[in-house]
Amino acid sequence: MSSVIEKWHRIVEKQDAKGLDELLADEVVFHSPVVHTPQVGKRITSLYLAAAMQTLNAPGHFKYLREVVDGNNAVLEFQTEIDGITINGIDMIQWNDAGQIIDFKVMVRSLKAVNAIHAAMGRMLEAMKPKG
């Protein structure tokens, strides 16, 4: 297994959003299943991934089912549950030779699951906004 993917698994397991700073390249591109345009940069990608970890990583629900690693690319299939809806998806991760993630794409099925993620992520991102 790649050391990048091992680090990613530790970050997810511990919900360690601070660990993303070291793992993500400054120019990382994040592709969300619910946002039309790619999000570019470490700050916005960290925000989305931290929110996703809290939203999708409900105790006892989130688990990676299988993964395929080839060179500097990995595809990790996951399953979780939100509000009683089973969510099945994949994380497609690419990293550079320095061991930093440069591209992170999340794909989710079914439509019901996408809608559940959209609503839950919206709530989580709103809660994470700095209070003004």
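Me: Is R66 buried or exposed, and at what relative accessibility?

Reply: Buried means under 20% relative accessible area, exposed over 50%, and partly exposed in between, with a 1.4 Å probe and protein chains only. At 57% relative accessibility, R66 therefore counts as exposed. Please keep in mind that this is a predicted model, in which local features need pLDDT of at least 70 and side-chain atom pairs count only at pLDDT 80 or more, while totals for chains, interfaces and linings use all residues. Residues are numbered from 1 along each chain as its sequence is written, and side-chain values use heavy atoms, with hydrogens and water left out.

Me: How many salt bridges does a search of the whole structure find?

Reply: Side chains of opposite charge can pair when their charged atoms come close. A salt bridge here is a side-chain nitrogen of Lys or Arg within 4 Å of a carboxyl oxygen of Asp or Glu, and the search of the whole structure finds 3 of them.

Me: Which residue forms a salt bridge with R66, and where do the two partners lie?

Reply: The partner is E77, and the closest N and O atoms of the pair are 2.5 Å apart. Helices (H or I, at least four residues) and strands (E, at least two) are DSSP runs, numbered from the N terminus. R66 lies in strand 3 (residues 63–70) and E77 in strand 4 (residues 73–82), so that the pair links distant parts of the chain, 11 residues apart. E77 is buried, with a relative accessible area of 14%.

Me: Where is the place of V108, and which residues does V108 touch?

Reply: V108 is in strand 6 (residues 101–109), and its relative accessibility of 16% makes it buried. Contact means heavy atoms within 4.5 Å. Not counting residues up to four places away in sequence, V108 touches P33, F78, I87, N88, G89, A113, V114 and I117.
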